[in-house]
Amino acid sequence: METGLIAIGAGLAIGLSALATGYAQARIGAASMGLIAEKPELAGRAILLVAIPETLVILGFAVAAMIIVLL
Amino acid sequence: MLVPMAKVRILGRRFAADAVLGELQRLGLVQLADARGAHALDGLDGAEVRSARRDELAAARAQTEKLLGELADGSRSAAVVEPLPRPLDVPELRLRLDRLTAGADRIRRRLDALRDERLVLPRILEPLRLLLSLVPVLATLDVEKLRQIGLATAVVVLNTDEERLVDALRAELVAELGTRFELASTRVEEGAMGCLVVFPAESSDMVHSVLGGSAIRSVSLPERFEGLSLNATVEAMRNRLDQIPAEMGEAEAERRSLLRPEAAWLAAAHTTILAELELLAATDELGATERTFLAEGWVPRTRVDELRAELGRRFGSEVLVADSRTSPYDPQAPVLMRNRRLARPFESLVRFLELPRAGSVDPTLLMAILLPLMFGAMVGDVGYGTLLLVLAILAGRKLAARAAGTPEIAGLVRVLLLGAAWSIVFGLLYGEVFGDLGTRFLGDWALWKERPSAAALQPLLLFAVAIGAAHVLLGLGLGAWQAMRFREYRVMLEKLGAIAALAGLSALAGRMLGGLPAGAVTPAVVLTAAGLLLVMSLHGALGVTTGALDVLGRIGNILSYLRIAAVGLASAHLANVANELGSVGPIWIGILVATFFHALNLALAAFSPMIQSLRLQYVEFFGAFFVGGGRPFTPFGQNPTRHLQSTS
């Protein structure tokens, strides 16, 4: 039972943060495509902006890993 | 590294200005600046003549660009074009260009008409074909026969799927003609109904006014199909559609025979026009007094003596080159990156983000070392690493053989090559060959730890965070050093404060994990507090919040390196799943299934770690020190389009 709850907790930690990252990247990605269409020379900046929300899911991964390792 | 630039002033006798500019253009060492505007001087005489010539040359350039664009059919060779003799005889040049342009325009118009016809005919043909079966007798009658029996036809397409609009059209025609017409309809495509109306010829104007509604698309036949019966029209259109590709091929061949013999001349003319335009623009930037001229520009510092010697050899003491001793961190200076051969492909990856500001740190070399290392730490598999190495070598050879591809692609191939080598190294540490395939045959042979095992999770996470801490601290250190060189002492102290806080926190984390003695706690707390206070104090009134957020952001940056472990673990588990699935069922099915999943994993291994490691460089590492906004060094006489490739 306890192991199951730990697994659910870890799953929620990474799953919810992945959803949040996906949502943010979708919004930023759409805006970035518009930016690149207008100014192709800013493609590097656009990719950088799209990459920023990924930290959310990485932090979710860190929390999930800590739940599994420490509990 | 960024090549240090020197700002030079070139002074000489006014009459020698044109010759000096010509020599500077030949040398291709100096990026000229606006000396006239900067020093509020007069320009050289003849501005109006230059302006008129510039207009003529600009028109000729537009023609050569257009004609060269029409030659862009993938048959380019790498031969370097010799420019035409200068100054160009523009009237003669324009005569030849006008002749070529007229021929090319005529062929282009013909091609456009054929393309239009190829697009339009099927849209007429399809409704007609579908309507034929509704009026089989009428379909055999040509216009003459229809006229003899006093009838005319009209074909229209209604932009709707709804039958009631056909009924409405029928009602309108009934109101005007009573029963003296026939209307057949059928659905020709999604959202379109085709209608054929047969009516008395004398009511033609009235019928066409009824058919002129906004939702109605009239299908008017091209001239060549007029007068035929409906059956003959459909047949003729089909034949015509079959003929169009051959006619387009003929037109393309005619264009090639017109332009290809002129390709080398066109490329040479274009190159020469650009060079003359560049020279005219440079002439306008010269400052002049009654007897002298002044040019100003940027030269790589190591090449100032070369410039001085070359001008001295040609003009003796008539021309003077003075180094104005500007600061090496002058933000106005253009930027030229020059790194060792191994690191050079990574320059394009730095430029892809932004060109560094003059005098700032060029991260290319560090990127060349750390980017492949992080890629390798993520992939970490001897089997995948070997395959990626082979793929990278093949891709590199193909790029070299074709002398093509963008610098960014060359940079990515180099990352793949070095990253694959690092993947093999980390594969040995993790003991992975196509996941756990090596372990299945050889037992536990990992030099460090098997990644997917539960015992390896914590050390792996710590390893990733340690790489992150080292990388971010290195970036902050570079940022502090750079700020000191720019005399931005506030920024420098802020970076040093962040370094102190992060170092203190790292020490505390080390103590919690048992890696440091208890005596390290007090210095670590003091270091953290001092660093935090320093950062907060530099952020002004809101420093307590913004300073703490700044340090928190840096901690987030370090934790972001956990992706090295995350992406690597995902790859290792997928490889293990492939092996597990491969061991179920008959061996040949197992091999097929395992190969499929390993191929999928390999594709992911080439793509995802590349993106993730690039992101770690651009966001976490560059964010600690990188200052962009540099202007590229484009020396006078080295116009990027000067060496146009000729077409064969």
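Which residues does B:F636 touch, not counting residues up to four places away in sequence? Select B:F636 together with B:L24, B:Q25, B:V30, B:Q31, B:L32, B:E278 and B:A282, for these are the residues in question. Two residues are in contact if their C-beta atoms, placed from the backbone, lie within 7 Å.

This is a predicted model, in which local features need pLDDT of at least 70 and side-chain atom pairs count only at pLDDT 80 or more, whereas totals for chains, interfaces and linings use all residues. Residues are numbered from 1 along each chain as its sequence is written, while chains are lettered from A and ligands numbered from 1 in the order in which they are written.

**Stop 1: around B:F636**

Remain at B:F636, which lies in the loop between strand 12 (631–632) and strand 13 of chain B. Helices (H or I, at least four residues) and strands (E, at least two) are DSSP runs, numbered from the N terminus. B:F636 counts as buried because 22 other C-beta atoms lie within 10 Å. The classes rest on C-beta atoms placed from the backbone: a residue is buried if 20 or more others lie within 10 Å of its own, exposed if 12 or fewer, and partly exposed in between.

**Stop 2: confidence in chain B**

The mean for chain B is 84, and 94% of its residues reach 70 or more. Helix 12 (residues 364–379) of chain B has the highest confidence, at 93, and strand 13 (residues 645–647) of chain B the lowest, at a mean of 33. Residues 74–78 of chain B stay under 50, and the model gives them nine contacts beyond four places in sequence. Residues 640–648 of chain B are also below 50, with 27 contacts in the model beyond near neighbours in sequence.

**Stop 3: strands 4, 5 and 6 of chain B**

Select strand 6 (residues 192–200) of chain B and strand 4 (residues 151–158) of chain B, which run antiparallel and are joined by eight bridges. Two strands pair if DSSP finds at least two bridges between them. Next, show strand 5 (residues 182–189) of chain B, which pairs with strand 6 of chain B over seven bridges, in the antiparallel sense. Centre on B:G194 in strand 6 of chain B: B:V157 stands opposite this glycine, and B:T186 also stands opposite B:G194. In the hairpin of strands 5 and 6 of chain B, two residues lie between the strands, and B:G191 takes a positive phi near 80 degrees.

**Stop 4**

Chain A contains three helices and zero strands. Its C-alpha atoms fill a box of roughly 55 × 15 × 5 Å along the principal axes. Of the 71 residues of chain A, 23% count as buried.

Now display the contact, which takes 12 residues from chain A and 15 residues from chain B. On the side of chain A that touches chain B, helix 2 (43–51) and helix 3 (54–70) of chain A are the elements that give two or more residues. Helix 3 of chain A provides the largest share, eight residues. For the complex, the predictor gives an ipTM of 0.75 and a pTM of 0.72.

Key:
pLDDT is the predictor's confidence in each residue, from 0 to 100.
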